[in-house]
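Me: Can you walk me through this structure? I have a few quick questions.

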Amino acid sequence: MSNIVWTIASSDSSAGAGIQADLHTIKALGADGCSVISAVTAQNSQTVSLVESVSDKMFIAQLDALASDMPAKVIKIGLIASVEHVKILAEKITEYKAQWVKAPFVIYDPVAVASTGDEMTENGINEVIKDKLLPVIDLLTPNAKEVFTLSGHMLISGEALKGATEKLIEMGCKSVLIKGGHLPFLEEQCIDYWCDGEREIALTSPRLENVHSHGTGCTLASALAATIAQNYFIEDALVIAKAYLNQGLKASKQLGAGEGSIAHIGWPTDNSDFPEVVLPESKVGYELDLQGTLEAGPGFASCDTLKLGLYPVLDTIEWLEKVLKSGVKTLQLRIKDKQPEQVEQQIIDAIALGKQYDARLFINDYWQLAIKHKAYGVHLGQEDMDVADLGLIAESGLRLGLSTHGYYEIQRAKQLKPSYIALGHIFETQTKDMPSDPQGLGRLAKYAGLLAGTATVAIGGINLQRAPDVYKTGVGSIAVVTAITLADDYEKVIEQFNQIME
């Protein structure tokens, strides 16, 4: 299926924002762009001299032409200058959501004022937007001024972010991303705050100086649209879109006498462009004053290598002993759904075996027992990160491995400086139910590139046939379960895996 994104917005004759910026962004991030022009603007880098909406007939005809042949996975809305167009669009989106095989995800960047300060919409349009359009929006992406216009909330402190998003959600939209480029209470950091009424995500990036920012709102919303169209979860889309924006700002340039536009240079790959995740563990409130994130600490003990080699994940002492005798040096004991007292003796025995064979043995989940019996390391899932005493694990000298399933969780894990980061699941797996889709080799290669200085482990559905392609992505280790436990000759399989990783 094509990853079609519609952008419904105005044409910018300076090409820095509007339809032009949207299509640049959508293409650069690998989605398929279509456009519906709502208005034509005459503008340059200094001023908007004229905004003229297309006729209602033309607006409807563009929508109908695309709907009949090229329905969208995601619809991104920018400047809608006409009251009547708002009504038409709200009605059309309601139809699409009811009638299409898969309802489109709708993003609205509520542009009303140009970056030059010029008003670009008809009088009275905001009330129609609130009444008609917001109830069909899945993600609203306002800046501070647009938040005030729509909700009446002034963002004078970090604590105001949550109240403002709650108000906008009450007005009908499903989720809100407040863009942090213009928040008056921040000086050194930009904070982008997302909430859907249940979950909340805060991302921070250093404020960039001496850059040109025409088209930032359009670009961020379009980057979200392009990534969501390619089946990234919202939290991953937020991280990718922010990284895309940061790299574009750094490469921005001035063409006229006024503000220049951001650059469009492809998928973000530089670590410095990616935002940091404000972690619950950091006890950082929104006030922090959202001036920073988790303080940089020493992190966790190293495994003394980025190449952990073959990494069997096993659930019995018998299997641990078998693979240790076969020369495996990194492995994990993963016992599911047992009380600590039911597994303590197995953990004691496993730790003893690991020390006997001088191996890197990680205990999955049971971190208290791992500390108590002086294990080499512990492995935690994302949910476990929120409840485990990470400080105590670090103080005890244990190594820490963390599971991740995409960009957001990788950024979250990186801030804790774990001993390794597991990347999964790469292919369909039979060993556990997964909340996410398989990542695939393309995404794995991108993750491995971002984590070049960190020990990484690929996991999920990897067998001997897939292992060479997995290892070529740049990961330092391959984790396996059934590839060994269901093998006719597990010793031979271990030898073959080792040959691949040599």
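What follows is a short chat about one threonine, the cysteines and the aromatic rings.

Me: What kind of model is this, and how are residues numbered?
Reply: This is a predicted model, where local features need pLDDT of at least 70, side-chain atom pairs count only at pLDDT 80 or more, and totals for chains, interfaces and linings use all residues. Residues are numbered from 1 along each chain as its sequence is written, and side-chain values use heavy atoms, with hydrogens and water left out.

Me: Okay. Where does Thr456 sit?
Reply: Thr456 is in strand β17, residues 456-458. Strands are DSSP runs of E, at least two residues, numbered from the N terminus.

Me: Buried or exposed?
Reply: Thr456 is buried, at 3% relative accessible area. Buried means under 20%, exposed over 50%, partly exposed in between, with a 1.4 Å probe and protein chains only.

Me: What does Thr456 touch?
Reply: Leaving out residues up to four places away in sequence, its contacts include Leu306, Ile421, Gly474 and Ser477. Contact means heavy atoms within 4.5 Å. A polar atom of the Thr456 side chain also lies 3.2 Å from the backbone nitrogen of Gly476.

Me: Switching to cysteines. How many disulfides?
Reply: The count is 0, taking a disulfide as a pair of cysteine sulfur atoms within 2.5 Å.

Me: Now the rings. How many aromatic pairs?
Reply: There are 13. Rings of Phe, Tyr and Trp (its six-membered ring) pair if their centres lie within 6.5 Å; planes under 30 degrees apart are stacked, over 60 edge-to-face, the rest tilted. One of the pairs is Tyr311 with Phe362, which is tilted, at 6.1 Å between centres and 35° between planes.

Me: Which strands does that pair link?
Reply: Tyr311 is in strand β11 and Phe362 in strand β13, 51 residues apart. Phe362 is buried, at 0% relative accessible area.

Me: What about Tyr311 and Tyr420?
Reply: Their centres are 5.7 Å apart and their planes at 80°, so that pair is edge-to-face. Tyr420 is in strand β16, so the pair ties together parts 109 residues apart in sequence.

Me: Which charges sit over rings?
Reply: Among them, Arg443 lies over the face of Tyr232, 3.6 Å from the ring centre. Lys446 has its charged end over the Trp267 ring, 3.8 Å from the centre. The rule is NZ of Lys or CZ of Arg within 6 Å of the ring centre and within 35 degrees of the ring normal.

Technical notes
Helix = DSSP H or I, 4+ residues; strand = E, 2+ residues; numbered from the N terminus. Polar contact = N/O pair within 3.5 Å; in protein donor to acceptor, adjacent residues only side chain to side chain.
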